[in-house]
Amino acid sequence: METNPIPVVTAQTSPYDDQRPGPGGLRKKTSVFESKRNYLQNYIQSVLSSIDLRDRQGSTVVVGSDGRYFSRTAIEVIVQMAAANGIGRLVIGHNGILSTPAVSCIIRKIKAIGGIILTASHNPGGPGGDFGIKFNVANGGPSSDTVTEKIYQVSRTLEEYAICPDLRIDLSRLGRQDFDLENKFKPFRVEIVDSVEVYLNMLRGIFDFNAIKGLLTGPEQLKIRIDAMNGDFGGQYPDPNLTYAASLVESMKGGDFGFGAAFDADGDRCMILGQNAFFVHPSDSVAVMAANTSCIPYFRQMGLRGLARSMPTSTALDKVAKALKLALYETPSGWRFFGNLMDSGRCSLCGEESFGTGSDHIREKDGLWSVLMWLSIMASRKQSVEEIVKDHWAKLGRNYVCRFDYEGIEPKVAFYLMRDLEAMITDKTFTSQKFAVGNNVYSVEKADNFEYIDPVDGTVARNQGLRIIFSDGSRLIFRLSGTSGGVGATIRIYAESYERDPEKHGRETQAVLGPLIAIALKISNIHERTGRRGPSVIT
């Protein structure tokens, strides 16, 4: 305990007009946070001020980071400002590190008012990379649109912030650190906790660790390869997909390993590979998990109430929901939409095509949980990854899917491209169109800009992506993504085609989807309008 009370200082500042958080929080180039005067302080004050004063006083907030450059500096400022703004207790990961799933877990476990996560997810870190600040609310999940809008509105008019500049903490020392502050009746407390203990204990209650141990040991042991994807960053993309996790794919091709996985920086996304680099598409991964929940103690005990997927995620999960006679919810992209469904007891398991899967054990996608799900299913069924997936296709059919990402597009070009495309597909004449490519003819059945009405609170999310649904169930989707670090815009094009015939489940994805992709390129004119010859990334 400090002997002299630490002063609380009110500092003058000027607002910024570019601090509107996206679905993944506020992401900018690290240099913006580092070099723009009070940029970090302004945003932290905006987050804290968005919490009602009565709720804020004496409350508990969780703080963690993925360990990227500038995290320790930012945590020090967050501690100093949380103390000055009436927060009673901060729970921080050892050395400032907590995965995003761990933050969600701890928020729920200790009933904190929320959590601040320092991560830019799958964006590269470092002085020349990206930095991000994400605020999770009391259910452990990402902020709703209402909360992010409140943060943004505060940031636009901010004239001062409160801070205790003399307050210093030791992130390397586990345990409690108490501080007396001027004009405060109770001491301000910081608790440095083990980065994995609470989260690990939760996972022990979900899975049969002995069964997984049996799979990984003994004469028949499964050899696995796990890639944390340059968790030390170094300017690389910690993005778990076939493009950026190419080294894992190469190492799996030799057949020495029966299971492979790659994680992103904050541990909430995960790519699954089988022996010989057999790729499990995220849309298939969530469907296989949902179809095999009987292998998992948690679901045997809790049951399965409903399933949910983001709109661009393939309809493979819909087939599982129908077979199990469960409700299926189609939401916009962004994990916050799943939180309401889970909190109301409507949904037990959900996923997104962007390598995120999770369940109602927390309110975030969870990469490590996904790996343990797969290992548990393999241990129970005594089959390889490839055998499990192909069995699933044989029972319910295969959804061929791919995604083209066009990154770093001039924002105005992206905006007008999407505007013109929407005008085309929402014209009444478009739904009667037929597209012939080679021997394939695709008849448009429905085309719209996806809109979601939350079944829990009735809130409406509009402009969530352009959809073209064809009469055979094939789909084309166009989305303007908002999760980049602020350099250009990203347009994502998704193509999907369903095949029931098991004899046709072994075809090359690009060959199957080639005609649909040709339609997408033709109606969007994306190459002509952007000057690109092709996508930045294909998933």
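Predicted model: local features only at pLDDT ≥ 70, side-chain atom pairs only at ≥ 80, totals over all residues.
Which residues are buried in helix H12 (residues 316–323)?

1. Residues are numbered from 1 along each chain as its sequence is written, and side-chain values use heavy atoms, with hydrogens and water left out.

2. In H12, the buried residues are Ala316, Leu317, Val320 and Ala321, where buried means under 20% relative accessible area, with a 1.4 Å probe and protein chains only. Helices (H or I, at least four residues) and strands (E, at least two) are DSSP runs, numbered from the N terminus. Seen down the axis of H12, its buried residues fall within an arc of 140 degrees, so they line one face of the helix; the arc is that of the directions from the helix axis to the C-beta atoms. An α-helix has 3.6 residues a turn, so residues three or four places apart point the same way.

3. The buried residues of H12 pack against several elements, including helix H10 (282–291), strand S14 (306–310) and strand S15 (327–331), contact being heavy atoms within 4.5 Å. H10 is itself mostly covered, with 9 of its 10 residues buried. Just after H12, Lys325 takes a positive phi of about 55 degrees.

4. S14 and S15 belong to an open sheet of 4 strands in the order S15-S14-S16-S17, with mixed pairing; two strands pair if DSSP finds at least two bridges between them. S15 and strand S17 (356–359) are the edge strands, each pairing on one side only. Between S14 and strand S16 (residues 349–352), which run parallel, there are 3 bridges, and Arg309 has Gly351 in S16 as its bridge partner.

5. H12 lies across S14 and S15 and runs at about 170 degrees to S14, where axes are lines fitted to C-alpha atoms, for helices over the stretch in contact, and angles run from 0 to 180 degrees between N-to-C directions.

6. Elsewhere, 5 of the 5 residues of strand S11 (residues 259–263) are buried, so S11 is largely enclosed by the rest of the structure. Phe259, Ala261 and Phe263 point one way from S11, whereas Gly260 and Ala262 point the other way. S11 runs parallel to strand S10 (residues 224–227), to which 4 bridges join it, and antiparallel to strand S12 (residues 270–274), with 5 bridges. In the hairpin of S11 and S12, Gly267 takes a positive phi near 80 degrees.

Terms used: Buried < 20%, exposed > 50% of the residue type's maximum accessible area, 1.4 Å probe, protein only.
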